[in-house]
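Here are my notes on the model you sent over. Have it open while you read.

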There are 2 protein chains.
Amino acid sequence: MNGQPRVALLCEGLFTTTTAKTAIGALRYAPYRIVAVVDSTREGVDASAVLGSGVGSGVPVVASLAVARGLGVDVLLVGTAAAGGRLPASYRPILAEALAAGIEVWSGLHERVLDDPDLAAAADRGGARVRELREPPRELPVGGHRTRRGGTRVVLTVGSDASVGKMTASLELARALARAGRRALFVATGQTGIAIAGDGISVDAVISDFVAGAAEQMVCDAAEQADWVIVEGQGSLTHPGFSAVTLGLLHGSAPDDLVLCHDASRVRMKGHDDLPLRSLDELVRIYETAAAWSRHPDAEPARVRAVALNTAALASSAASAAVAAATTLTGLPAADPVREGSAGADRIARALLMGAHAG
Amino acid sequence: MNGQPRVALLCEGLFTTTTAKTAIGALRYAPYRIVAVVDSTREGVDASAVLGSGVGSGVPVVASLAVARGLGVDVLLVGTAAAGGRLPASYRPILAEALAAGIEVWSGLHERVLDDPDLAAAADRGGARVRELREPPRELPVGGHRTRRGGTRVVLTVGSDASVGKMTASLELARALARAGRRALFVATGQTGIAIAGDGISVDAVISDFVAGAAEQMVCDAAEQADWVIVEGQGSLTHPGFSAVTLGLLHGSAPDDLVLCHDASRVRMKGHDDLPLRSLDELVRIYETAAAWSRHPDAEPARVRAVALNTAALASSAASAAVAAATTLTGLPAADPVREGSAGADRIARALLMGAHAG
């Protein structure tokens with residue numbers, strides 16, 4: 001296909017705010033056109049009627065792929081992520097229909113679409129492609145051997161833990177920089193981000209020797225098309241299981257600027273009740289220190305420029321207090337880029353633009 | 001096979017000090033019995049006549065696998081690592097002969113033995129197993145969810161760069177601790193180490209999400225059998241390409257003690273001429289700092305207890321000066337555990353034993 005594809009979101013029986021995370025992300029942030037959500041149990045309404053807050057406005061929920069095809073569909077994106085990562089049984093006939101009709105399928109699930117013999121046969125019949133979003137490219141370089149285009153600025157979101165809002169902060173930040181007139185590009189490093197961007201590498205699925213190389217490749221490619229490259233972070237340097245991913249991404253993307261992300265309601269590491277999170281000021285030191293290790297000692301250091309808080313779990317007054325406390329603790333601008341709307345992300349973007357100006 | 005296997009080393013045409021790195025490592029350190037080296041171009045001598053310094057003493061170089069089989073062989077280990085990691089053509093008939101005879105083959109090369117249809121057919125015929133030493137297990141856990149047996153002490157070797165002698169230092173250290181009467185076990189994390197130990201996981205070939213989990217699994221298993229677990233380090237936290245592997249190993253193995261390894265002749269990162277190595281005192285801070293990140297703030301910190309230098313490229317006086325300088329710079333005991341023989345490794349082991357005593 002040329003240019004941006006026309007995408008339908010497959011959410012059969014599951015188009016709810018709690019189960020359709022990928023679909024919601026795509027409706028909120030995707031650069032491509034979304035023509036319909038497929039869910040026969042909710043057909044006939046506007047997607048925004050299900051999701052609220054205006055997300056999905058103008059996108060119809062339809063009963064079948066056939067109806068969506070009438071609206072013009074190039075790609076069918078699996079819009080939900082079930083626990084265990086299996087393809088729901090209700091999806092299989094719809095996926096088979098799409099593949100037999102030559103419609104490309106994108107899936108971020110663990111179970112591979114073409115491992116189902118019926119779906120593989122349908123794809124053969126229709127000559128349709130399947131993009132497994134979690135599956136990294138076969139050939140990746142070792143990091144440290146490519147230099148990106150001069151004059152670009154690279155921002156990496158880093159976090160106090162996994163799942164604190166790094167993807168959302170990155171997407172909001174790319175939008176805020178675009179609002180400020182900058183050529184900004186979001187670089188996706190996880191399956192939901194890839195489904196949204198339509199491109200990227202799931203770095204946690206990359207062989208450890210090539211994590212930095214994968215990040216470097218994505219950043220260098222993005223720097224050919226944009227002046228600001230916003231890289232979606234993963235995990236945390238303080239996470240006992242995922243820190244390898246985080247350091248590979250930090251060294252490979254070689255950012256100029258960091259934005260520290262934190263879920264303001266979280267005090268312990270997710271899945272590790274005995275492990276308190278590090279304080280925000282300590283995390284600033286940790287990330288700036290680690291970023292410098294793989295650089296020449298005289299190189300410009302990466303600096304944390306702002307804090308992006310996720311205050312979704314807090315009441316309004318507690319959220320404001322958390323934002324103020326983050327600034328007091330770190331001396332940096334802080335915002336919740338979702339709760340505060342564009343004003344929040346713009347505050348973070350201003351900190352980045354000032355940092356770039358200061359050099 | 002029960003207990004330790006009887007192993008022949010396949011080095012056909014390549015049994016030299018520069019090409020047979022895996023074979024030399026095995027002859028020096030392997031716990032299993034090596035019955036012969038197969039190299040028809042050097043047959044009839046003792047392996048030590050080729051290698052010098054007594055390594056391989058008592059192990060004959062033989063003309064063929066048939067001769068080796070007369071000495072009793074359970075396993076044929078590929079003893080060389082050609083650039084590119086391909087199986088040399090001269091190895092294929094010998095591997096086919098072994099597999100057809102039911103002899104297990106171990107290989108650390110990139111090219112998989114059973115990808116050669118002739119070798120796959122031979123293995124089928126002989127019912128022989130192939131162990132691809134670089135290939136990690138299919139199922140690995142995420143790190144941070146298993147606690148090792150209390151009372152064990154875990155030592156990880158860390159480095160100023162890749163390829164500075166971490167494997168050798170680890171092996172010498174395990175021996176020195178055994179000499180001191182401790183139950184010590186070497187944990188291999190790279191292909192040569194695995195060929196030597198006969199066990200282990202090549203962590204740089206593990207998906208990044210599971211590097212820490214792989215290290216944790218190996219360490220916890222080893223701690224069931226030993227009081228001192230010596231983990232072979234990989235890469236460096238300061239390496240632009242491989243730091244992800246290093247941090248995953250550091251957090252997953254959760255060491256009590258670190259031994260800092262450095263090639264005393266190296267001043268720039270291997271493969272990165274523009275990147276000076278960090279000083280030893282700075283590296284001590286870097287590793288101790290990073291080790292703490294994934295732990296509870298009140299947990300016992302990991303400490304660098306000694307410096308293991310590789311002075312192979314230096315003249316004798318320069319080597320002594322380098323050892324003295326390392327101690328001056330770091331305030332830690334330093335030694336070249338190869339050049340100084342057992343006295344060197346014993347010095348490092350004493351530092352570890354004192355560290356354990358101090359708690």
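Domain bounds here come from an automatic or database domain assignment. This is a predicted model: local features need pLDDT of at least 70, side-chain atom pairs count only at pLDDT 80 or more, and totals for chains, interfaces and linings use all residues. Residues are numbered from 1 along each chain as its sequence is written, chains are lettered from A in the order in which they are written, and side-chain values use heavy atoms, leaving out hydrogens and water.

1. Chain A is assigned domain 1 (6-132) and domain 2 (153-358). Their centres, taken over C-alpha atoms, are 29 Å apart.

2. Between these two domains of chain A, about 1000 Å² is buried, with 56% given by carbon and sulfur atoms. (Buried area is the accessible area, 1.4 Å probe, that two parts lose on being put together, summed over both.) Arg28(A), Tyr29(A) and Arg131(A) supply 49% of what domain 1 buries against domain 2, more than any other three residues.

3. What about polar links? I see 5 residue pairs in polar contact between domain 1 and domain 2 of chain A, both residues at pLDDT 80 or more. (That is a pair of N or O atoms within 3.5 Å; within protein, one must be able to donate a hydrogen and the other to accept it, and residues adjacent in sequence count only if both atoms are side-chain atoms.)
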